[in-house]
Amino acid sequence: MSSIQDTVRLNNGVEMPKFGLGVYKVEEGQQTENTVRKALELGYRSIDTAAFYQNEEGVGKAVKESGIPREKLFITTKVWNSDQGYDSTIDAFEKSMRKLNLEYLDLYLVHWPVIGKYLETWRALETLYQQGKVRAIGVSNFQIHHLQDIFDHFQVRPAINQIELHPKLAQPELRAFCKKHGIFVEAWSPIARGRYLDEPVLMELAEKHGKTAAQVILRWHLQNYVIIIPKSITEARLKENADIFDFELSLAEMENINLLNENKRFGADPDHVDF
Ligand code: NDP
């Protein structure tokens, strides 16, 4: 039986849960601590934060207080754009680790491909990886040409590419490229922040399977071998989002969801990072 704690094996052999909690826009302090605590109680084992989210301290506190052995957890954080470059990335990593209050990190990501900087940032991630401070390194919001640039300059390949991905932005070419090169795709805004939950196709499938539209979308990701980190501060939704391991979409149903793709982003375009 598959479950919320199932893992995938990354290209360096590290196991990562295919399901986790994202904490973008969760307020530092009580809100982050309560949300992460509740998620861990419900069986979540992977938490995705970022320096930019300014809630690493809350994540670290909830993790410590949970009493769950460190090796059972998978913690991700990311280097923000203004910290990119070799030395500044190393400094940013140390700062994040102090806030998280952890001995080691599971996954460190380059948050966006900042032009003229991301190669040096990747070099810093390689150093941190080789020093054993982080178990896996990856990127976020990288297009095919950014990934190719990394391949052309470095030995260590990203284990993960975390990208905006949902039924209206299915990114088939980028997903195929990542698969070919052994990079796992992780979806950010996996349910598009609730934007398309009233799509008739999704509502029909939800009705048919006795699930919600959000659960149908999350299941579609899993069956596409995509790692998901839906965010919620609402206990009922934390439960709902995790309750997707007891049903399966048929190939025809998967195809019906694929047809919703409009290559439509609501987030920033990775080829125009000016923030
Ligand atoms: P999600 O697609 O996870 O949606 C989160 C929103 O949907 C929240 O407003 C939440 O509300 C609501 N929601 C959650 N579950 C349900 C449900 N079952 N039914 C209806 N509404 C629901 O969006 P995010 O942008 O948060 O993406 C997830 C994570 O991805 C982030 O938290 C972050 O960790 C990461 N991310 C990474 C980015 C990057 O550049 N690398 C960019 C953006 C996100 P509520 O909380 O009020 O319950």
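1. A word on helix geometry to begin: axes are lines fitted to C-alpha atoms, for helices over the stretch in contact, and angles run from 0 to 180 degrees between N-to-C directions. Helices (H or I, at least four residues) and strands (E, at least two) are DSSP runs, numbered from the N terminus. Please keep in mind that this is a predicted model, where local features need pLDDT of at least 70 and side-chain atom pairs count only at pLDDT 80 or more, while totals for chains, interfaces and linings use all residues. Residues are numbered from 1 along each chain as its sequence is written, and side-chain values use heavy atoms, with hydrogens and water left out.

2. Let us start with the pair H7 and H8. Their axes lie 8 Å apart, and the helices pack at an angle of about 95°. That makes H7 roughly perpendicular to H8 (a label for angles of 65 to 115 degrees; under 35 degrees counts as roughly parallel, over 145 as roughly antiparallel and the rest as oblique). On the H7 side the contact (heavy atoms within 4.5 Å) is made by Leu 202, Leu 205 and Ala 206, and on the H8 side by Ala 213, Val 216 and Ile 217. By class, this contact has 6 nonpolar residues, no polar and no charged ones. Here Ala, Val, Leu, Ile, Met, Phe, Trp, Tyr, Cys and Pro count as nonpolar, Asp, Glu, Lys and Arg as charged, and the others, Gly among them, as polar.

3. Next, Glu 199, which sits in the loop between strand S9 (184–188) and helix H7 (200–209). Glu 199 counts as buried because its relative accessibility is 18% (buried means under 20% relative accessible area, exposed over 50%, partly exposed in between, with a 1.4 Å probe and protein chains only). Leaving aside neighbours within four places in sequence, Glu 199 is in contact with Lys 168 and Leu 260.

4. Ala 124 belongs to helix H4 (residues 118–130) and is buried, with a relative accessible area of 0%. Not counting residues up to four places away in sequence, Ala 124 touches Tyr 86, Thr 89 and Ile 90. Ala 124 and Asp 87 are 37 residues apart in sequence, yet 7.3 Å apart in space, C-alpha to C-alpha.

5. Now the largest pocket, with a volume of about 760 Å³. A pocket is an open set of points, on a 1 Å grid over the protein atoms alone, with protein on both sides within 12 Å along at least five of seven lines; a cavity is a set where a 1.4 Å probe fits but cannot get out, and lining residues have an atom within 4 Å of a point. Grid points are joined across faces, edges and corners, and a volume is the space filled by probe spheres set on the points. Of the 37 lining residues, Tyr 24, Trp 188, Ser 189, Arg 193 and Lys 231 lie nearest the centre. The lining divides into 18 nonpolar, 12 polar and 7 charged residues, and its largest share, 3 residues, comes from H9.

6. The second largest pocket has a volume of about 280 Å³. Its lining has 13 residues, with Arg 175, Lys 179, Ile 183, Asn 224 and Tyr 225 closest to its centre. The largest share of this lining, 5 residues, comes from H6.

7. Finally, a search of the whole structure finds 1 cavity of 30 Å³ or more. The largest cavity has a volume of about 40 Å³, and its lining residues include Asn 141, Phe 142, Trp 188 and Arg 265.
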